[in-house]
Amino acid sequence: MTHTIEGPFHVQMTPEPLAHADAPPQLGRFRLDKRYEGLLDAVGRGEMLSARTFVEGSAGYVAIERVVGMLDGKLGSFVLQHSGVMERGMKRLFLEVVPDSGTGQLVGLSGRMGIDIAGGDHFYRFEYTLPEAE
């Protein structure tokens, strides 16, 4: 059975140096620190790589984030893989649970997350499934 939960989250993105000293200025690397609230009561830590273009509103990013905490009363962790593209302001964003990354009571977790930003505030919508308890 698929479950859907929604709630706010807070994110801090800290710039980090790129691995290549001669990388162009359009590339970026960031440390992600997140705090999810609601039925996903958890912290997320990750790494993000980004690319800006010379066209306003066009960019891309990828990230890996480990989420640790409670998901609707179940304790554990899982990994989210992010992929986002913005083409002249039109956004396409995909966040998916990495298969077999669930631990603790979240073993077998699968799902996808959407993110909305309104007035500077961040919100998640997480659609997920967990194996039924035996």
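This briefing walks through the core, strand pairing, salt bridges and surface of the structure above. The model is predicted, so local features need pLDDT of at least 70 and side-chain atom pairs count only at pLDDT 80 or more, while totals for chains, interfaces and linings use all residues. Residues are numbered from 1 along each chain as its sequence is written, and side-chain values use heavy atoms, with hydrogens and water left out.

**Nonpolar core**

- The largest nonpolar core has 23 residues, and those with the most contacts inside it are Leu40, Phe78, Leu109 and Phe126.
- A nonpolar core here is a set of buried Ala, Val, Leu, Ile, Met, Phe, Trp, Tyr and Cys residues joined through side-chain atoms within 4.5 Å.
- Buried means under 20% relative accessible area, exposed means over 50%, and partly exposed lies in between (1.4 Å probe, protein chains only).
- The elements that give two or more residues to this core are β1 (3-16), β2 (27-36), β3 (40-52), β4 (59-71), β5 (74-87), β6 (90-97) and β8 (121-129).
- The most comes from β4, with four residues.
- Strands are DSSP runs (E, at least two residues), numbered from the N terminus.
- Leu40 is in contact (heavy atoms within 4.5 Å) with Ile5, Val67, Met70, Leu71, Phe78, Met113 and Tyr124, leaving aside residues up to four places away in sequence.

**Strand pairing**

- Two strands count as paired if DSSP finds at least two bridges between them.
- β1 has two antiparallel partners in this list: β8, over seven bridges, and β2, over eight bridges.
- β7 (residues 110-118) pairs with β6 in the antiparallel sense over two bridges, and Leu95 has Met113 in β7 as its bridge partner.
- Nine bridges join β7 to β8, again antiparallel, with Arg112 opposite Glu127 in β8.
- The hairpin of β7 and β8 has two residues between the strands, and Gly119 there takes a positive phi near 60°.

**Salt bridges**

- The count comes to 10 salt bridges, each being a side-chain nitrogen of Lys or Arg within 4 Å of a carboxyl oxygen of Asp or Glu.
- Asp33 and Arg45 meet in one of them (3.3 Å, N to O); this pair links distant parts of the chain, with Asp33 in β2 and Arg45 in β3, 12 residues apart.
- Asp33 is buried, at a relative accessible area of 19%, whereas Arg45 is partly exposed at 45%.
- Asp41 and Arg35 form a salt bridge at 2.6 Å, N to O; Asp41 is partly exposed at 37% relative accessibility, and Arg35 is partly exposed at 34%.
- Arg92 forms a salt bridge with Glu87, their closest N and O atoms being 3.7 Å apart.
- Salt bridges that share partners also join Glu16, Arg31, Asp33 and Arg45 into one network.

**Surface**

- Leu18, Leu27, Leu49 and Val62 form a nonpolar surface patch with about 300 Å² of accessible area together.
- Residues in such a patch have over 30% relative accessible area and no salt bridge, and nonpolar side chains (Val, Leu, Ile, Met, Phe, Trp, Tyr) are joined within 5 Å.
- Accessible areas come from the Shrake-Rupley method with a 1.4 Å probe.
- Val62 lies in β4 and is partly exposed, with a relative accessible area of 42%.
- Met90, in β6, is exposed at 61% relative accessible area.
- The C-alpha atoms of Met90 and Ser58 are separated by 8.3 Å, with the two residues 32 apart along the chain.

Key
Patch = residues over 30% accessible without salt bridge, like charges linked within 9 Å, V, L, I, M, F, W, Y side chains within 5 Å.
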